[in-house]
Structures are given as structure tokens and as C-alpha cells.
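Below is a set of questions and answers for a reader who wants to go through a predicted model step by step. Which parts of the model deserve a careful look at the outset?

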Amino acid sequence: PPLSLEPLLTYDDKVAGLNLIADSIAQMKQRAAHSMVFHPLCITLLFLTWAAIYRWAYEPATADPSMALLLSCGVTMTYLTAIRYFTDGYVSLAENLRWSWLEGPGSVEGDFIIGARYGGALIGVLVLRLEPRFSFRGGKGVIRAWTTRLRYRGKGIGRDLLDGAIRIVKDRCGKDAEVGFAQEHANSTMILPAMFNGVFRRDEVRAAKVLEKALEEWEASKRKKR
Ligand SMILES: CC(C)(COP(=O)(O)OP(=O)(O)OC[C@H]1O[C@@H](n2cnc3c(N)ncnc32)[C@H](O)[C@@H]1OP(=O)(O)O)[C@@H](O)C(=O)NCCC(=O)NCCS
């Protein structure tokens, strides 16, 4: 079946879009946990604890490692459980993404929600807010959420959504209108200390570059048509 881009207008479609965004926030838990588990500082602390256990609990006289092994397993379980606890906040953040986020302050006509459908199923969504300057002409477009369903990522759907958003902004606000990501976009909340957020910061830089490239290509295609 063909892929289609369309505005999500009905309540049910908007809720489905919101759920997709909430899923992407919940998925940040795994990535945050991964960067904590393998962070050099955490890993070093874990190894030092294992070494201390080996030093104090291993009985060289009897060559019995059972106590050391038991304690090491306990420490490892505590390590993983603590990380799970610290990253659980992403699940709460996802659960708290409500309708009010879509229609919150600053929205003038309500946000545009662009959906990508494949065989009827919603597989991508982009939430766009137009910020007028006196009127929409001369205003700018702010992307508040940009999400593709996990199993469809890396297939160009995200880029199609960005192209759709650029078209709307340029049509409504003028060809020189700026398009950018909101500073507080749906995936911007980081609940862990900064040293564990590198993976998300890198994604934000990547996203800004992809948008820049899409804008350049839009400009080039306009120049060609003239
Ligand atoms: C970001 C996201 C929407 C990209 O969707 P996608 O369908 O995989 O995107 P595409 O296949 O069209 O790839 C478009 C570009 O996005 C880049 N990209 C992939 N994952 C990305 C990510 N997590 N963050 C930023 N950019 C990403 C790709 O490298 C690609 O760039 P390229 O064309 O220069 O190679 C998707 O990874 C996602 O839903 N992530 C979770 C939510 C999120 O982090 N949103 C971004 C908030 S800034």
C-alpha cells in the first residue's frame, strides 16, 4: 500500500497521533538506561565494587567462591534496579502527555498535526505550530514533535514529514519563513543528569541538520521552478 501524508483532523486521529508521540517518549527510557548502564563512571564503580567483594568475601583457604559470587550478583541486581528506577520517569512523562499539550497556550489555530499513513495505519506524526508575527505572513513554524513508529524508522518517513511541515509553513507564512524545532519539543525533557544525556543531545543536533538540509533542498527546488 502507498504511504500518504495527511493532516489529522478528527479527535480519534489526533489521539492516535498523541499516543505515537507518547510511545516515543516512553522509548527514551531504554536509551537512557543503556547510556547509564554503560557510562564509564557507573561501570568503573561496578567493577570496583566487584573487586572489593572478591577481596573481602572470597575465601582463598577453602577456594570457595560462593559468597563472593552471591554478593556480586546482589550488587549487579541492585545496580540494574537502581538504573531502572532512575529512568522510570520517562514512562510517567509519556503517561502525562495529554490533550492539553496539543492545545496549550501559544497555539493560535490549534497545532497542525501531520500524519503519515501506511495501509491505513498511522506510522508517523509531526506537530507543527505556526507562530504569527502580527499575522501568519512573516511568522515562523515551530516543530513541537516529530516521531516515526519504531519499526518504520530509517525508511524516509521522518524526512517526508519534515518536507510536509516546510510546505505548510512556506505556504502560510511566506517563502522566507523560518522553520525550527521548539526548544521544548515533546522529546526534550531529560530526567537524568547531563552526563547521561549525550545520546539525546546528539539526536537534537542531528535533527537540526536534517531540517537544515530539507530547507536547503526546498529552496533549491523553488529556484529550479522559477
Ligand atoms: C527522529 C525520527 C522521527 C526520524 O524518523 P525516521 O523515519 O527514522 O527518519 P528518516 O528515515 O526519514 O531519516 C531522516 C533523517 O533523520 C535522521 N535521524 C534518524 N534518527 C534520528 C533521531 N533519533 N534524531 C534525529 N535525527 C534522526 C537520519 O539520520 C536521517 O538523516 P539523513 O537523511 O541525513 O541520513 C525517529 O527516529 C523518531 O521517531 N525518533 C524518536 C523521537 C525523536 O527523538 N524525535 C526527534 C525529536 S528532535
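Q: In which helix is A208 found, and is A208 buried, partly exposed or exposed?
A: In this predicted model, A208 is found in helix 8. Its relative accessible area is 38%, and because buried requires a value under 20% and exposed a value over 50%, A208 falls into the class in between, so the answer is helix 8 and partly exposed.

Q: What distance separates the C-alpha atoms of A208 and V15?
A: A208 and V15 are 193 residues apart along the chain.

Q: Which element gives the most residues to the shell around the ligand?
A: The ligand is surrounded by 18 residues, and the closest are T148, G154, G156, G158 and R159. Strand 4 (135-148), helix 7 (157-173) and helix 8 (198-225) each supply at least two residues of this shell. Among the contributors, the one that gives the most, with five residues, is helix 8.

Q: How many residues of the shell around the ligand are charged?
A: Sorted by class, the shell around the ligand contains four nonpolar residues and eight polar ones. The remaining class, with Asp, Glu, Lys and Arg as its members, is the charged one, and its count in the shell is six.

Q: How far is an oxygen atom of the ligand from a polar backbone atom of R159, and what share of the ligand's exposed area does the protein bury?
A: A backbone N or O atom of K155 lies 3.2 Å from an oxygen atom of the ligand, while an N or O atom in the side chain of R206 is 3.3 Å from a ligand oxygen. For the polar backbone atom of R159, the distance to an oxygen atom of the ligand is 2.8 Å. Taken alone the ligand exposes 830 Å², and the share of that area buried by the protein is 78%.

Q: Which pocket corresponds to the space taken by the ligand?
A: The ligand is lined by a shell of 18 residues, to which strand 4, helix 7 and helix 8 each supply at least two. The space that the ligand takes up is the largest pocket.

Q: Is R129 buried or exposed, and which residue does its side chain join in a polar contact of 2.8 Å?
A: R129 lies in strand 3, which covers residues 121-133. With a relative accessibility of 8%, R129 is under the 20% limit and therefore counts as buried. The polar contact of 2.8 Å links the side chain of R129 to that of D111.

Q: Is I123 buried or exposed, and how far apart are the C-alpha atoms of I123 and G17?
A: I123 also lies in strand 3, and its relative accessibility of 1% is why it counts as buried. Although I123 and G17 are 106 residues apart along the chain, their C-alpha atoms are separated by 8.9 Å.

Q: What is the relative accessible area of L161?
A: L161 lies in helix 7, and its C-alpha atom is 24 Å from that of R31, a residue 130 positions away in sequence. L161 is buried, and its relative accessible area is 0%.

Q: Is L70 buried or exposed?
A: L70 lies in helix 4, residues 66-87, and is 13 residues from A57 in sequence and 9.7 Å from it in space, C-alpha to C-alpha. Its relative accessible area of 62% is over the 50% limit, so L70 is exposed.

How values were computed. Residues are numbered from 1 along each chain as its sequence is written. This is a predicted model: local features need pLDDT of at least 70, side-chain atom pairs count only at pLDDT 80 or more; totals for chains, interfaces and linings use all residues. Side-chain values use heavy atoms; hydrogens and water are left out. A residue is near a molecule or strand if one of its heavy atoms lies within 4 Å of it. A polar contact is a pair of N or O atoms within 3.5 Å; within protein, one must be able to donate a hydrogen and the other to accept it, and residues adjacent in sequence count only if both atoms are side-chain atoms. Accessible areas come from the Shrake-Rupley method with a 1.4 Å probe; for residues, only the protein chains shown count as cover. On a 1 Å grid over the protein atoms alone, a cavity is a set of points where a 1.4 Å probe fits but cannot get out, and a pocket is an open set with protein on both sides within 12 Å along at least five of seven lines; lining residues have an atom within 4 Å of a point. A molecule sits in a cavity or pocket if more than half of its atoms lie within 2 Å of its grid points. Helices (H or I, at least four residues) and strands (E, at least two) are DSSP runs, numbered from the N terminus. Buried means under 20% relative accessible area, exposed over 50%, partly exposed in between (1.4 Å probe, protein chains only).
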